[in-house]
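Work through the exercises below with the model open. Try each task before reading its solution.

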Amino acid sequence: MTEPSLLAGSISLYTRLLAYIKPLAHLLFLSVIGFSVFSVANVLFSKLIGYLIDTINLGSEITSQERLGIPLALMLIVAGRGLGGFLGTYSMASLAFNIIHRLRCEIVERFLRLPVLYYDKNSTGHLISTVT
């Protein structure tokens, strides 16, 4: 198989599989939002820890507002990180489950439409491994 035909086959397969995502685009969007919140929270956490380390190393005084703000910011960042991670992971898992379920339903529908002669010619193990 030549390189251009392999690429064309891959692109056609990819576009066919992307059609399964269209009805579930909201889950993909939620997943992107969740993972974005997760990554922003990771960056904010590192910046906050960096600020604390610099303050301690330089021996600077922490103001009373910072004494209240830093723990509050830390709790909000950790909560945002957890919520973003959960939302991203849950949405992606739900998307994958729905796509696999739809593919399996289509396979079973095709098997139900096959003639009886097909089942006579193929062994049960071969048919089950095809579905799996």
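**Exercise 1: a helix pair**

Helix α2 (residues 25-58) and helix α3 (residues 64-112) pack at an angle of about 155°, with their axes 7 Å apart. Axes are lines fitted to C-alpha atoms, for helices over the stretch in contact, and angles run from 0 to 180 degrees between N-to-C directions. Helices are DSSP runs (H or I, at least four residues), numbered from the N terminus. This is a predicted model: local features need pLDDT of at least 70, side-chain atom pairs count only at pLDDT 80 or more, and totals for chains, interfaces and linings use all residues. Residues are numbered from 1 along each chain as its sequence is written, and side-chain values use heavy atoms, without hydrogens and water.

Task: classify how α2 and α3 are oriented to each other.

Solution. 
1. Angles over 145 degrees count as roughly antiparallel.
2. α2 and α3 are therefore roughly antiparallel.
3. By class, their contact has 19 nonpolar, 11 polar and 2 charged residues.

**Exercise 2: Ser-31**

Solution. 
1. Ser-31 sits in α2.

**Exercise 3: Asn-122**

Task: locate Asn-122 and give its C-alpha separation from Ser-91.

Solution. 
1. Asn-122 lies in the loop between α4 (116-121) and α5 (124-131).
2. The C-alpha atoms of Asn-122 and Ser-91 are 39 Å apart.

Technical notes: Helices (H or I, at least four residues) and strands (E, at least two) are DSSP runs, numbered from the N terminus. Angles under 35 degrees count as roughly parallel, over 145 as roughly antiparallel, 65 to 115 as roughly perpendicular and the rest as oblique. Ala, Val, Leu, Ile, Met, Phe, Trp, Tyr, Cys and Pro count as nonpolar, Asp, Glu, Lys and Arg as charged, and the others, Gly among them, as polar.
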